[in-house]
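Visitor: I would like to learn how to read a model like this one. Where do we begin?

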Amino acid sequence: MVNFGQIQRLEHLPAKVAATIGQEISSGRLKAGEKLPTEHELARTFGVSRSVVREAIAQLRNEGLLDTRQGVGAFVLEPQRRPVIRIDSTDLSNPESFRSLFQLRVPLEVEAAGLAALHHTAEELERLDEALDIMRGMDTRWTSEGVAADLEFHCALADATHNEYYSMFVGFIGEKITNTIAVARARAELEQIVQITVAEHTAVRDAIASRDMMQARAAMRTHILGAAARLDLQLESPTGDSARDDGGVA
């Protein structure tokens, strides 16, 4: 069995655990069809909580590296069943790769916000509201639960487009964007980050609720450009100038 070592708490823990397991799969040390150790065993080996392991496994499943079977465990997928496109979390330690990821988010999520404004149902709006409530909550806004709610908001928005490909791609990219939250928290006052992030998500939510396609797009663009600026990433604005808004996290 592969021997995993305990990880340093310098990065977003689920992403770090997922990257470590992913490297074992890519190298062939974890072979196709092989069953991963249990959540309890992995948590003890990495020195993290089971919820961290659970989130890491979910990320690897979304990336197409693992197949999870309820009550049985997680298994390494055969290479021919894995997606052609994959972003290694370790690649995002490169600022230029991080910037490229944000550049991809702009057309993808801006358009998704516009479509969500047109097509969302009452149940889907309620899902956005539930994610926002968790992000606002004093008990969770500082924790991994608040981070997960941030990602849930973006995934719920993608589902509200009623286009399965938006759900697929936003979910895939979103797992990587959680890394930005950890980085941004280390660079700025947490209270300021939370307030800005909640305000930007609320603006997106309100535009969607009003079925204002153009405003939803504009609010999402403001949010992504601001999130990039928080990480000292310069993205091009619609006028071609670099945008350096003081924005949120993810």
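Guide: Begin with a helix and its length. The expected span of a helix is 1.5 Å times one less than its number of residues. This is a predicted model. In it, helix H3 covers residues 50-62 and has 13 residues. From first C-alpha to last, H3 reaches 18 Å, close to the expected 18 Å.

Visitor: Which residues of H3 are buried?

Guide: Buried means under 20% relative accessible area. In H3 that applies to Val-52, Val-53, Ala-56, Ile-57, Ala-58, Gln-59 and Leu-60.

Visitor: Let us step back. How many helices and strands are in the protein chain?

Guide: Nine helices and four strands. Read from the N terminus, the order is α-α-α-β-β-α-α-α-α-α-α-β-β.

Visitor: How do I read the contacts and burial of the protein chain as a whole?

Guide: Take contacts between residues at least 6 apart in sequence. Of these, 68% join residues at least 24 apart. Then take burial: 49% of the 250 residues are buried. The accessible surface comes to about 12100 Å². Carbon and sulfur atoms hold 51% of that surface.

Visitor: Now salt bridges. How many does a search of the whole structure find?

Guide: The cut-off is a side-chain nitrogen of Lys or Arg within 4 Å of a carboxyl oxygen of Asp or Glu. The search finds eleven. One of them pairs Asp-159 with Arg-127 at 2.6 Å, N to O. This pair links distant parts of the chain: Asp-159 lies in helix H6 (residues 144-159) and Arg-127 in helix H5 (residues 122-136), 32 residues apart.

Visitor: Why does Asp-159 count as partly exposed?

Guide: Partly exposed runs between the buried limit of 20% and the exposed limit of 50%. Asp-159 counts as partly exposed because its relative accessibility is 29%. Arg-127 has 26%, so Arg-127 is partly exposed too.

Visitor: Which residue does Asp-129 meet in a salt bridge?

Guide: Arg-205, at 2.7 Å, N to O. Here again distant parts of the chain are linked: Arg-205 is in helix H8 (residues 190-209), Asp-129 is in helix H5, and 76 residues separate them. Asp-129 is partly exposed, because its relative accessibility is 24%.

Visitor: Which side chain meets that of Asp-206 in a salt bridge?

Guide: Arg-205, at 3.0 Å, N to O. Asp-206 has 37% relative accessibility, so Asp-206 is partly exposed. Elsewhere in the list, salt bridges that share partners join Glu-39, Arg-50 and Arg-54 into one network.

Visitor: Next, the surface. Which residues make the nonpolar surface patch of about 330 Å²?

Guide: Tyr-165, Met-168 and Phe-169 make the patch. Patch residues need over 30% relative accessible area. Met-168 has 47%, so Met-168 counts as partly exposed. Met-168 sits in helix H7, residues 164-187.

Visitor: Last, confidence. What is the mean pLDDT of the protein chain?

Guide: The mean is 80, and 74% of the residues reach 70 or more. Over residues 6-10, pLDDT stays under 50, and the model has 13 contacts beyond four places in sequence for them. Residues 239-248 are also below 50 in pLDDT, and that stretch has 34 contacts in the model beyond near neighbours in sequence.

Technical notes:
Residues numbered from 1 in each chain as written. Heavy atoms only, no water. Helix = DSSP H or I, 4+ residues; strand = E, 2+ residues; numbered from the N terminus. Buried < 20%, exposed > 50% of the residue type's maximum accessible area, 1.4 Å probe, protein only. Patch = residues over 30% accessible without salt bridge, like charges linked within 9 Å, V, L, I, M, F, W, Y side chains within 5 Å. Areas by Shrake-Rupley, 256 points an atom, 1.4 Å probe, with all protein chains shown as cover. Contact = heavy atoms within 4.5 Å. pLDDT = per-residue confidence, 0-100.
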